[in-house]
Amino acid sequence: MPGPSGDRLIRVDMTQQSVEITAFPDDWKLLGGRALSARILLEECDAGCEPLGPDNVLVMAPGVISGTAAPTSGRISIGGKSPLTGGIKEANAGGDPGQDLMKLGYRAVIVTGQPADSDKRYAVDVTAEGASVKEVPDCKGMWNYALIEHLAKSYSKDASFVSIGPAGELQLTGSSVACTDGDKERRPARHAARGGLGAVMGSKGLKYLSVETGKARLRDPANRKEFLARGKTYTKAYREGPQMFKHGTSTVVPMANMLNTFPYKNRTEGQSPDVETLDGARIVESFEERGGEMHNCMTGCIVQCSNIVHDAEGNYKTSALEFETLTLLGANCAIASWEDVADLDRLCDEIGLDTVETGAAIAVYMDSGGMEFGDAEGAKALLKEIAEGTELGKMIGSGAVATGKKRGHKRVPAVKGQAIPAWDPRPLKATGVTYCTSPMGADHTAGLIVNPGLPEEEFARASQESQLVNAVCDSSGFCQFLQPSLDDIRAFYGDLYGEEVSRQQIADLGWQCLQDEWEFNRRAGLTSADDVMADCMQVDAIGPQQVVFDVSAEIVAQAYERCELRDELFTANATG
Amino acid sequence: MPAMPLVRIPAPYRGPTRGAERVEVEGSTVRGCVQAVADAFPGFGEQVFDAVGDVHRFVTLFVNGVEIDRDAIDEPIEASDEVEVLAAIAGG
């Protein structure tokens, strides 16, 4: 059996509001998700373009394995030139749009151009028959949940959606792209958050994209029996193992605090006194009295790391309340209660904001004297100002660097314009090397190394290997929390297409993805001068060891020199 | 030389062990082995046990690849056994 073939690309021209369906090149069959987005952007996007202008290209690309019966394999990559970093960006999300696009054989949606009237809003509807653009004036300005409830009246109950909230429509550089999850409620709680791609989508007048699969079935691998058997074995092994994320990433809080990577008050400290009240264990404990539960965000997920969080009255409040959000909107702002962070998380999902960037911006604002640390109600009011488009709201909604500039505040923890996530580069120096060298800027999902005992001479290799593994994972459709290895991924690819994928090939796929992205950034004008850790991380010491990020530029630069392949590269787990 | 239990250290906990991934120790129980590592590498014990000596909720312990109940950490183990400390190391 030949495996999936006849795949297509959906090309949407927002200047003309027209669609063209083109063939997907056969020799790209092992490109998906992040690697596919990178290749399309390198070949079709002028890297020197204005990120919010007509020449930027927005890509929505599921992974190579998406749309099949492989477990936890429906992740989607949203890509483009980032208005936040000025370089290439890939933001990865769960939910069902990735699965659904691939079930229909669409390897990517490529959105170009810009409507002449920036006040108009449009949608793209994707079905088995093709795709079309339509004007949706009634959706303008809608918050994400209200939008999906509105759309549910006119689409099938199985439709999935990719959307932006008011922040994206205002083209704010801290805005996210929302994807609906796999539950029947289709909540817009899965966000391709980092790098301001919501603003790029907004700059193209695109409010949402729908996918209706109709009677489309899962994709048929070439070696169907072997593929299904492999999935079963993998799932069995996973379920018999420790299932590290069965209670969600929010339960990582106490361990992160112990390792001095639970930043407090704009990263002036590495531990928070509020660790108990921000611990995800409190969320899990709330399930008994209030309802709520763990669930899978996408069809076919076996990890179920996403939480559904209820309020004290037992009503749904938010879902996917994760470690990064509890850190950046919680500890980093000295907001002590997980319940307040849940409110903030819901607001971010509604308005369409990156919780990491927004939390970092609010902390900078607090640190500059704009409001008191710990003012949860004040933070909620700020988010509402973002949706209203006030001057203060636009500042916060544009992220930590913009907020720092406007406030004349020096302590702004960011790399390449993007706020540093919870995993702190001072105790985790190899992760700091990732923040400096990743094409994405400060992004822990690009290559996270939590190994405080690692000797300095191994930082560059550890970062490079982690970046390569995660690039392949984010191209495959597999979720990083499934933690597949390169050997796992190439085995599934092999059964999908009926041909062996060697270790060399899978490593080359990851390396080429990084090369494509570094080349795009070079063309966009980024240089080694941009590979620099935020000043405050080099100067402000934290923890009992009083650590700073003091890795030399020479060692950082070594992450660009391709290391010899070793066994550990292929057996290491993706992690983010 | 008589066999000694081996304790495998997860990457996030290798700060106190100065990068050591596995440590051979003298110990006849899981608790004894972990304590032996803590005695050799100050700071390690606090990463596994809380203030009252219970295993942190976010830590999982294995003996020879099989997860053990946290109540079983004082049960005897063999000199040839391998103890693994596991902790969730990622979060988005």
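Predicted model: local features only at pLDDT ≥ 70, side-chain atom pairs only at ≥ 80, totals over all residues.

User: Let's start with A:Thr22. Why is A:Thr22 called buried?

Analyst: A:Thr22 has a relative accessible area of 18%, and buried means under 20%, so A:Thr22 gets the label. You'll find A:Thr22 in strand 2 (residues 18-23) of chain A.

User: And what makes a polar contact with the side chain of A:Thr22?

Analyst: That's the side chain of A:Arg11, at 3.4 Å. The cut-off for such a pair of N or O atoms is within 3.5 Å. Leaving aside neighbours within four places in sequence, A:Thr22 is in contact with A:Arg8, A:Leu9 and A:Arg11.

User: How do you know that the length of helix 1 of chain A agrees with what it should span?

Analyst: Helix 1 (residues 33-44) has 12 residues, and at 1.5 Å a residue they should span 16 Å. The end C-alpha atoms are 16 Å apart, so the two agree.

User: What makes helix 1 of chain A "mostly covered"?

Analyst: Of its 12 residues, 10 are buried, among them A:Gly33, A:Leu36 and A:Ile40. What covers the buried residues includes strand 3 (58-62), strand 4 (76-81) and helix 19 (503-523) of chain A.

User: Now the rings. How many aromatic pairs are there over all chains?

Analyst: There are 14. One of them is A:Tyr145 with A:Tyr316, which is tilted, with 6.1 Å centre to centre and 40° between the planes. An angle under 30 degrees would count as stacked and one over 60 as edge-to-face, with the rest tilted. This pair links distant parts of the chain, with A:Tyr145 in helix 3 and A:Tyr316 in strand 15, 171 residues apart.

User: How do you know that A:Tyr145 is buried?

Analyst: Its relative accessible area is 7%, and the limit is under 20%, so A:Tyr145 counts as buried.

User: Why is the pair of A:Tyr155 and A:Tyr208 called edge-to-face?

Analyst: The planes are at 85°, and over 60 degrees is edge-to-face. The centres are 6.1 Å apart, and rings pair within 6.5 Å. Both residues are buried too: A:Tyr155 at 12% relative accessibility, A:Tyr208 at 2%.

User: Last one: what sits over the ring of A:Tyr145?

Analyst: The charged end of A:Arg346, 3.9 Å from the ring centre. In chain B, B:Arg31 lies over the face of B:Phe49, at 5.4 Å from the ring centre. The distance cut-off is within 6 Å.

How values were computed
Residues numbered from 1 in each chain as written. Chains lettered and ligands numbered in written order. Heavy atoms only, no water. Helix = DSSP H or I, 4+ residues; strand = E, 2+ residues; numbered from the N terminus. Buried < 20%, exposed > 50% of the residue type's maximum accessible area, 1.4 Å probe, protein only. Polar contact = N/O pair within 3.5 Å; in protein donor to acceptor, adjacent residues only side chain to side chain. Contact = heavy atoms within 4.5 Å. Expected span 1.5 Å × (residues − 1). Phe/Tyr/Trp six-rings, centres within 6.5 Å; stacked < 30°, edge-to-face > 60°. Lys NZ or Arg CZ within 6 Å of the ring centre and 35° of its normal.
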